[in-house]
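I opened this notebook to record what I looked up about aromatic rings and the nonpolar core. The entries follow the order of my reading.

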Amino acid sequence: DRLTTYLERVERGERPVAHAEALEGREKLGETLMLGLRRREEGVPRCAREAEAFAAEIAALAARGLLEYSGERLRLSREGVFLANEVFREFVPPFESSETIPQ
């Protein structure tokens, strides 16, 4: 049973994780951007590397009224909160463009 295995590993002081995902490049930037936007009030800095990497997607979402700038921070708009999954989809693979971000 997986729960028993998990608990046994914890008790032995081992890492109970069987698999971990290591994101790199555009995937990592998109994940960071998505997680930042989930913090509705805080959002992400306008000049963040993540925001720069997804400038075209952000511009399109802002034009649709789903993202907005509040001072120097990018965040979900009121409408964007209701369509958050649609917004977040732009920042996770598979990406529409084949653009790559150097490490």
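**Aromatic rings**

I find one aromatic pair in the structure (rings of Phe, Tyr and Trp, the last by its six-membered ring, with centres within 6.5 Å; planes under 30 degrees apart are stacked, over 60 edge-to-face, the rest tilted). The ring centres of Phe 54 and Phe 91 are 5.3 Å apart and the planes stand at 85°, so I record the pair as edge-to-face. It links distant parts of the chain, 37 residues apart: Phe 54 is in the loop between helix H3 (49-53) and helix H4 (55-63), and Phe 91 is in the segment after helix H6 (84-88). Helices (H or I, at least four residues) and strands (E, at least two) are DSSP runs numbered from the N terminus.

I note that this is a predicted model, in which local features need pLDDT of at least 70 and side-chain atom pairs pLDDT 80 or more, while totals for chains, interfaces and linings use all residues. Residues are numbered from 1 along each chain as its sequence is written, and side-chain values use heavy atoms, without hydrogens and water.

**Charges over rings**

I see Arg 26 over the face of Phe 54, at 4.0 Å from the ring centre (CZ of Arg or NZ of Lys within 6 Å of the centre and within 35 degrees of the ring normal). Arg 46 lies over the face of Tyr 69, at 3.7 Å from the ring centre.

**Contacts of Val 87**

Beyond neighbours within four places in sequence, I list Leu 37, Leu 61, Leu 66, Leu 67, Leu 76 and Gly 80 as contacts of Val 87 (heavy atoms within 4.5 Å).

**Core**

In the largest nonpolar core, of 18 residues, I find that Leu 37, Ile 58, Leu 67, Val 87 and Phe 91 touch the most other members (buried Ala, Val, Leu, Ile, Met, Phe, Trp, Tyr and Cys joined through side-chain atoms within 4.5 Å; buried means under 20% relative accessible area, exposed over 50%, partly exposed in between, with a 1.4 Å probe and protein chains only). Helix H2 (25-38) is among the elements giving two or more residues to this core, and H2 gives the most, with four.
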